[in-house]
Amino acid sequence: MARVVETLFLVMSCILCSVLLGFSDAAPTSTYNVVKFGAKPDGKTDSTEPFIKSWQSACTSLNPATIFVPKGRYLLKNTNFRGPCKRKVTFLIAGTLVASEDYHALGNSGFWILFNHVDNLVVSGGRLDAKGAGFWNCRRSGKSCPVGARSMTFNWVNNLVVSGITSINSQLSHIVINACNNVLVKNVRLIAPDQSPNTDGIHVERSTGVTINGCTLQTGDDCISIGDATYNIFMSHIKCGPGHGVSIGSLGQKLDEKGVENVTLTNAIFSGSDNGVRIKTWARPSNGFVRNVLFQNIIMDNVENPIIIDQNYCPNNQGCPGQTSGIKISQITYLNINGSSATPEAVTFDCSPSNPCQGIKLHDVNLTYKNKAATSSCKNIDGTSTGTLAPESCF
Ligand SMILES: *[C@@H]1O[C@H](CO)[C@@H](O)[C@H](O)[C@H]1NC(C)=O
Ligand SMILES: *[C@@H]1O[C@H](CO)[C@@H](O)[C@H](O)[C@H]1NC(C)=O
Ligand SMILES: *[C@@H]1O[C@H](CO)[C@@H](O)[C@H](O)[C@H]1NC(C)=O
């Protein structure tokens, strides 16, 4: 009897510990093929409902679930994948998800493919084609256009992996990480033409613990942009350009902001981009801050503003004339950055007169303009500079 009780206890505690430790991966995986739910790989038939139905089955599965999208093209309208789900869900895409040529099809909701309140999510492989060109043309022509759609948005997702996705021609941003924790984005390629308006690559905001690794970003706006209330961001092996570079900001449009802390960008190449590494804040009062940032091991190839802090952002001089930025910028390090600037001024520090930049460090930075010395400019900045510096430090 004692033995039986002991065995039972062992079995019970084993089940309990696997549940507690999240060993549920060991359980068999249920697979949900979108074609079995009626999706048509012809690029013409609206497959939104079949995708949502397969999501509902996967999301309520008692086993970890995989949604499988076979090869082929699947036309999707706004598609909202909602959690919470019972177990880990993997979205495995072998095919291409396409949006309608008619940009009105995505309406005014602001998103195309949306994941909301899902924990333990993997989205892997495949292509997204949002067919953004019609929407960009509408905006360029100054007609009244819908607000447009971000291609893939993650809201309130904890423990997220996004890997191996290629996204082309988004209407607005390709990938948005909003209010998420513990995120890995790796090996993604995000492509839209230079000059396509507001086609950011990856936008991260209100999120903690985001790693972005091995990504190729060719866009019309920022390759990566980082918004307010974002902490512990690690980016490495990033290729950026064309595009507007890696940008912390714009920050400080609002008075109450939570700031950005602990950002690292390491091993990056910028080619022909408007900016390299940028921190950008509105010239408006704000409680926000940017602190503890490291930009290191970076090559610039013909970049207009390789290193820039711009605290005087005020588009069309509206909503901020005569004001200064309240964002406090401190502990920013630039280390081992080489290459060429496309403009004479390679290093620009235009900090706030009311909140000067503090603790800025430059070490081994060598940027040239047409194979000659470039220049640098400084306003309201305090820091230290060491090692090889060309242009010479202006602080
Ligand atoms: C920033 O990094 C420091 C050092 O690792 C850590 O102590 C701090 O908690 C981090 N900040 C946030 C908001 O996580
Ligand atoms: C920058 O140039 C120096 C000197 O040639 C070299 O040691 C360093 O590795 C280069 N850095 C990068 C990121 O290429
Ligand atoms: C900076 O790099 C250029 C081009 O590689 C090189 O000619 C120059 O000597 C370097 N400057 C310094 C100060 O090391």
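For His-244, an unreviewed UniProt entry lists "active site"; UniProt positions follow the numbering used here, with feature names shortened, and such annotations may be inferred rather than shown by experiment. The structure is a predicted model, in which local features need pLDDT of at least 70, side-chain atom pairs count only at pLDDT 80 or more, and totals for chains, interfaces and linings use all residues. Residues are numbered from 1 along each chain as its sequence is written, while chains are lettered from A and ligands numbered from 1 in the order in which they are written.

His-244 is located in the loop between E20 and strand E21 (246-251). Strands are DSSP runs of E with at least two residues, numbered from the N terminus. His-244 counts as buried because it has 24 C-beta neighbours inside 10 Å; the cut-off for buried is 20 or more other C-beta atoms within 10 Å, with C-beta atoms placed from the backbone. Leaving aside residues up to four places away in sequence, His-244 touches Asp-221, Asp-222, Ser-273, Asp-274 and Asn-275, where contact requires C-beta atoms, placed from the backbone, within 7 Å.

An open sheet of 11 strands with parallel pairing runs in the order E5-E8-E11-E14-E17-E19-E21-E23-E25-E27-E30; two strands pair if DSSP finds at least two bridges between them. Its edges are strand E5 (79-82) and strand E30 (375-379), each of which pairs on one side only. On average, neighbouring strands of this sheet are turned by 15 degrees against each other, direction ignored; the axes are lines fitted to C-alpha atoms, and angles run from 0 to 180 degrees between N-to-C directions. Within the sheet order, strand E17 (residues 202-205) pairs with strand E19 (residues 224-226) in the parallel sense over 3 bridges, and Val-204 has Ile-226 in E19 as its bridge partner.

The ligand shells are listed below. A residue belongs to the surroundings of a ligand if its C-beta atom, placed from the backbone, lies within 6 Å of it.

| Ligand | Residues around it |
|---|---|
| Ligand 1 | Tyr-231, Asn-232, Glu-261, Asn-262, Asn-292 |
| Ligand 2 | Asn-297, Ile-298, Ile-299, Asn-336, Asn-338, Asn-366 |
| Ligand 3 | Asn-366, Thr-368, Thr-388, Ala-390 |

Strand E20 (230-240) and strand E22 (260-271) give two or more residues to the shell around ligand 1. For ligand 2, strand E24 (289-303) and strand E26 (328-341) each supply at least two residues, and the largest share, 3 residues, comes from E24. Around ligand 3, strand E28 (357-369) and strand E31 (381-390) each supply at least two.

Technical notes:
Helices (H or I, at least four residues) and strands (E, at least two) are DSSP runs, numbered from the N terminus. A residue is buried if 20 or more other C-beta atoms lie within 10 Å of its own, exposed if 12 or fewer, and partly exposed in between; C-beta atoms are placed from the backbone. Two residues are in contact if their C-beta atoms, placed from the backbone, lie within 7 Å.
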